[in-house]
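Please read these notes with the sequence and the model open side by side. Each point takes up one topic.

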There are 2 protein chains.
Amino acid sequence: MVDKHTTALDKVLHLSMLVATDLARFEQESGLTSARVHLLWTLGLVGPGNQQSLASALNVTARNVTGLVDGLVTSGHVRREPHPTDRRATLVTPTALGRRTIGELQDSHRDLARRLFGAVPAPRLHAFVTTLDETITTFERLMEKQ
Amino acid sequence: MVDKHTTALDKVLHLSMLVATDLARFEQESGLTSARVHLLWTLGLVGPGNQQSLASALNVTARNVTGLVDGLVTSGHVRREPHPTDRRATLVTPTALGRRTIGELQDSHRDLARRLFGAVPAPRLHAFVTTLDETITTFERLMEKQ
DNA sequence: TATTGTTATACTCTATAACTATA
DNA sequence: TATAGTTATAGAGTATAACAATA
């Protein structure tokens, strides 16, 4: 039998694993890989940008972004455009297909959240989020100290 | 502004991402990769077994397990032993180093859980776990229907 | 000089298919 | 015939290092 703290952590990880499984189905259907979906999702969050900014946001090397963008150009999800002011840089911009895919990602994310938490009474959902906030804060303080 | 359901889901994912970051530090320090740590963790859960059972538990192909075990044999974490009754099979068994690593994994998992949730009042932690249980159940019912 | 992106190279994870030894 | 594991092959993600073009 495990202690109650471990139980809580394991259930958090279990839920996020299920969400990842759901995302994997999206990836299969769209013919995309996790890394490319991650790039598209980020593009949806921060808007068109150069590859360096994507590398920072994704926490990978610039070389890696080159490869991911190559793949997404081939699949027709993004375009490389000249940067308006810096001739060294390229502007990674979603195509119509890319914009549609990003929208579907955002919609299914929101739908999933609503289906998962829609039946939870408001006060309990509030307490749930409060606990998560405290936990995340605790974690970030722990990380700082090392 | 996002709705409260999306906020809840995003915070769950944020927390699990932080946990993954913590695990990544363990991987760096031990010189192991995620996939190999996952295999060791599974070995700790289910005990020594043949490669097919590991493949099922990890949800990857037998070929993939061959490669992971190759790496862990080279790093000295596991040994391939003859299966006592089936001469086709090999028994993947942790070495002393492997057992120590598995123990450290389990300890640091338990420690992390205690540090994250140790300060949460018992009733609120209980409600937290209840909400997670409901959510996981909801999710699994959603998956069945498709 | 510093930065952006690419070429060169290499390793890991992952998969499918064909094969050997054994059940 | 079926199963356990390996060899052969291939693609994707990731990294470091060297380099060209531009700032």
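1. A residue is near a strand if one of its heavy atoms lies within 4 Å of it. By this sorting, the surface near DNA strand D has 4 nonpolar, 8 polar and 8 charged residues.

2. The basis of the notes is as follows. This is a predicted model, in which local features need pLDDT of at least 70 and side-chain atom pairs count only at pLDDT 80 or more, while totals for chains, interfaces and linings use all residues. Residues are numbered from 1 along each chain as its sequence is written, chains are lettered from A and ligands numbered from 1 in the order in which they are written, and side-chain values use heavy atoms, with hydrogens and water left out.

3. Chain A has 6 helices and 2 strands; helices (H or I, at least four residues) and strands (E, at least two) are DSSP runs, numbered from the N terminus. The order of elements in chain A, from the N terminus on, is α-α-α-α-β-β-α-α. The radius of gyration of chain A is 19 Å, whereas a compact globule of 146 residues would have one near 15 Å. That radius is taken over C-alpha atoms, and the globule rule is 2.2 Å times the number of residues to the power 0.38. The C-alpha trace of chain A spans about 55 × 40 × 30 Å along its principal axes.

4. Of the atoms of DNA strand D within 4 Å of the protein, 73% belong to sugar or phosphate, and the rest to bases.

5. Rings of Phe, Tyr and Trp (its six-membered ring) pair if their centres lie within 6.5 Å; planes under 30 degrees apart count as stacked, over 60 as edge-to-face and the rest as tilted. Phe128(A) and Phe128(B) are stacked because their ring centres are 4.9 Å apart and their planes at 25°. Phe128(A) lies in helix α6 (residues 122-144) of chain A and Phe128(B) in helix α6 (residues 122-144) of chain B, so this pair joins two chains. Both Phe128(A) and Phe128(B) are buried, where buried means under 20% relative accessible area, exposed over 50% and partly exposed in between (1.4 Å probe, protein chains only).

6. Phe117(B) and Phe128(B) form a tilted pair, because their ring centres are 5.6 Å apart and their planes at 45°. Together, Phe117(A), Phe128(A), Phe117(B) and Phe128(B) form one aromatic cluster.

7. Most residues other than glycine have a negative phi. Asn59(A) has a positive phi, near 60°, and is placed in the loop between α3 (51-58) and α4 of chain A. Asn59(A) counts as exposed because its relative accessibility is 70%.

Key: Nonpolar A, V, L, I, M, F, W, Y, C, P; charged D, E, K, R; others polar.
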